[in-house]
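Open the structure in your viewer and keep the selection tool ready. We will go from stop to stop.

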Amino acid sequence: MSGVLVPSRRKTREFVLQVLYAADVQNKDPQQCLVSLHDHFRSNEEDEVKAQQVMTSFARELVERIAQDLDIIDRIIAALSHHWKVSRMTRVDRNILRMAIAEMTGFPDIPGKVTLNEAIDLAKRFGTEHSPSFVNGVLDRIHAVHGDSPGKLHLEEILTRLDETATKD
């Protein structure tokens with residue numbers, strides 16, 4: 001080991017949430033914001049070391065997956081958030097949900113319940129007083145659809161299953 005500390009996934013998720021928030025505010029691709037934030041930290045040697053620690057493959061892969069699948073992730077969020085348009089949600093809630101959905105569907109080594117609990121913790125820390133229950137409600141429905149199986153469902157399949165359950169209600 002080179003002596004460089006690798007941050008916990010929790011710290012990495014906090015960083016990714018900052019990247020997504022910045023991308024949302026600037027209406028940019030999250031991958032561009034990831035690079036911009038990394039470049040910003042290069043101006044200070046101490047900050048650059050911290051940025052390098054956070055720029056793990058987990059952070060890059062998570063941001064890449066969100067950027068790649070943003071449209072369908074937002075369609076899933078819209079299907080599950082009755083009476084709320086994705087554009088009207090708080091930026092924090094919207095981006096926590098985006099991150100958690102991408103993680104639940106794209107990282108089979110992370111149990112869905114872990115992702116759900118981490119998302120709720122982020123909502124408690126950075127959201128409004130209503131954020132944790134809102135995030136929990138949306139993600140719990142997704143977790144119910146796909147569970148913790150090692151063969152994660154594709155986003156299109158989740159959307160199809162959600163549509164099927166909506167027509168049964």
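This is a predicted model: local features need pLDDT of at least 70, side-chain atom pairs count only at pLDDT 80 or more; totals for chains, interfaces and linings use all residues.

Residues are numbered from 1 along each chain as its sequence is written, and side-chain values use heavy atoms, with hydrogens and water left out.

**Stop 1: helix α4.** Select residues 57–80, which form helix α4. Helices here are DSSP runs (H or I, at least four residues), numbered from the N terminus. Now look at Leu-70: a kink of about 75 degrees in α4 is centred there. The bend at a residue is the angle between axes fitted to the seven residues ending there and the seven starting there.

**Stop 2: the aromatic pair.** Select Phe-58 and Phe-107. How many aromatic pairs does the structure hold? It holds 1. The ring centres of Phe-58 and Phe-107 are 5.3 Å apart and the planes are at 80 degrees, so the pair is edge-to-face. (Rings of Phe, Tyr and Trp, its six-membered ring, pair if their centres lie within 6.5 Å; planes under 30 degrees apart are stacked, over 60 edge-to-face, the rest tilted.) Phe-58 sits in α4 and Phe-107 in the loop between α5 and α6, 49 residues apart. Both Phe-58 and Phe-107 are buried. Buried means under 20% relative accessible area, exposed over 50%, partly exposed in between (1.4 Å probe, protein chains only).

Stop 3: Select Arg-98 in helix α5 (residues 91–106). Is Arg-98 buried or exposed? Arg-98 is buried, with a relative accessible area of 8%. Asp-74, in helix α4, counts as buried at 17%. Not counting residues up to four places away in sequence, Asp-74 touches Val-86 and Arg-98. Contact means heavy atoms within 4.5 Å.

**Stop 4: the core.** Finish with Ile-76 and Leu-139, which have the most contacts inside the largest nonpolar core, of 46 residues. Such a core is a set of buried Ala, Val, Leu, Ile, Met, Phe, Trp, Tyr and Cys residues joined through side-chain atoms within 4.5 Å. Helix α4 gives the most to this core, with 10 residues.

Key: Helices (H or I, at least four residues) and strands (E, at least two) are DSSP runs, numbered from the N terminus.
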